[in-house]
Amino acid sequence: MVKAEASIINYFIKQIEEKKKQSTLCYEDGRADEANLEKIAGSVLTLFQTVYEASLKQDDRMSQQTFMLDQLQQIPNHWRQSYQIAKQHDDAVKMLYESIKIETAKQIRETFIRYWGEHDE
Amino acid sequence: MMNERETVQLFKCLADKTRLQILRSLANEDMDVERLAQRLNVTPPTISFHLKKLADAGAVSSYKEQYYTFYSLHREIFMKNILDFIQIQSDEADLQAQRDHDYREKIIASFFEYGKLKSLPTQRKKKRIVLEEIVKSFKVNQIYTEREVNIMLADYHDDFCTLRRDMVEAGLLKRDQEGYQRPCKYEKEN
């Protein structure tokens with residue numbers, strides 16, 4: 001159980017650092033908007049890192065898992081709605097922002113399931 | 001000819017490597033999003049994002065051909081001498097008008113989303129700008145019943161009663177026994 005927790009926490013730390021690095025590189029390369037896109041992904045990772053830390057306060061392993069997966073479903077629902085509204089209005093800028101958040105959340109979910117499942121007793 | 005604000009917007013838009021690469025590609029031929037994405041090794045949504053910014057700045061335009069949307073460069077803008085851009089004059093009255101316009105646009109962008117009001121500002125000056133924007137949908141000197149006013153205002157915000165009351169208080173809508181009217185005194189479209 002402890003291994004799974006450490007793996008997931010390391011995943012968040014590493015990914016957040018990577019997004020910061022990519023953002024800096026894009027900015028230095030004269031691609032300020034793309035730097036912002038990396039920052040958006042980084043913010044989503046930071047958000048779910050906090051959610052994950054909160055999930056660990058649940059009573060047992062099943063509750064922790066349920067808490068995390070529920071949040072990984074519910075929080076992106078708002079982004080999905082915003083994406084659909086942006087699509088109806090042909091707002092390519094907003095569509096991209098929302099799709100990055102949705103995609104980052106999806107990657108977090110897949111990673112969480114993989115690590116949580118791998119070290120399951 | 002572009003004004004100073006449009007010039008700044010264009011130059012800000014050009015100060016991006018990916019957008020310059022897009023323009024370089026379009027300088028050779030018109031292209032669609034997929035082709036640009038493949039050529040520049042960037043995802044299609046990111047290309048669409050940049051094209052929107054370029055279109056808003058007047059650098060590119062789009063047209064449909066069969067099932068595809070193609071983008072083309074506005075060559076006439078890029079044929080200009082940079083000296084022409086930097087010599088655009090602004091007198092103080094123009095600058096003040098421009099600042100006022102920019103402030104209004106900023107307020108409208110903060111409080112409206114896709115034509116709907118996100119919330120009504122509490123600050124009087126900002127509220128006035130928002131109400132003036134909404135009143136544009138009413139024809140000057142046409143009489144509207146309260147029901148018609150409510151229906152029109154409900155398109156902007158669920159609390160149409162507050163909106164209606166505030167617009168009457170601000171003098172943007174006049175109310176008498178016949179109904180509601182937008183007086184011509186506030187006919188301000190820009």
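Guide: Here is a short chat about the interface, the helices and the salt bridges.

Visitor: Before we start, what kind of model is it?
Guide: This is a predicted model.

Visitor: OK. Let's begin with chain A: how many helices and strands does the chain have?
Guide: Chain A comes to 4 helices and 0 strands. Read from the N terminus, the order is α-α-α-α.

Visitor: And what does the C-alpha trace of chain A span?
Guide: About 45 × 35 × 20 Å along its principal axes.

Visitor: Now the interface. How many residues are in contact between chain B and chain A?
Guide: On the chain B side there are 14 residues, and they touch 17 residues of chain A.

Visitor: How much area is buried there?
Guide: About 1300 Å² is buried between chain B and chain A, with carbon and sulfur atoms giving 56% of that. In chain B, the residues that lose the most area to chain A are Lys17(B), Phe49(B) and Tyr114(B). Together those three make up 52% of what the chain B side buries.

Visitor: What about polar contacts and salt bridges across the interface?
Guide: The rule finds 8 residue pairs in polar contact, both residues at pLDDT 80 or more. Which helices of chain B are involved? By class, the side has 4 nonpolar, 4 polar and 6 charged residues.

Visitor: Can you give me a couple of examples?
Guide: Lys17(B) pairs with Asp29(A), with the closest N and O atoms 2.9 Å apart. Lys17(B) sits in helix α2 of chain B, and Asp29(A) in the loop between α1 (2-28) and α2 (32-55) of chain A, so this pair joins two chains. Another salt bridge links Glu113(B) to Lys94(A), where the closest N and O atoms are 2.8 Å apart.

Visitor: Switching topic: at what angle do α3 and α4 of chain B cross?
Guide: The axes of α3 (residues 33-40) and α4(B) cross at roughly 110 degrees and come within 9 Å. The two helices are therefore roughly perpendicular to each other.

Visitor: Which residues meet there?
Guide: From α3(B) you have Val33(B), Glu34(B), Leu36(B), Ala37(B) and Leu40(B); they meet Pro44(B), Ile47(B), Ser48(B) and Leu51(B) in α4(B). By class, that contact has 7 nonpolar, 1 polar and 1 charged residues.

Note on methods. Residues numbered from 1 in each chain as written. Chains lettered and ligands numbered in written order. Predicted model: local features only at pLDDT ≥ 70, side-chain atom pairs only at ≥ 80, totals over all residues. Heavy atoms only, no water. Contact = heavy atoms within 4.5 Å. Buried area = accessible area lost by both parts, 1.4 Å probe. Salt bridge = Lys/Arg side-chain N within 4 Å of Asp/Glu carboxyl O. Polar contact = N/O pair within 3.5 Å; in protein donor to acceptor, adjacent residues only side chain to side chain. Nonpolar A, V, L, I, M, F, W, Y, C, P; charged D, E, K, R; others polar. Axes fitted to C-alpha atoms, helices over the stretch in contact; angles between N-to-C directions. Parallel < 35°, antiparallel > 145°, perpendicular 65-115°, else oblique.
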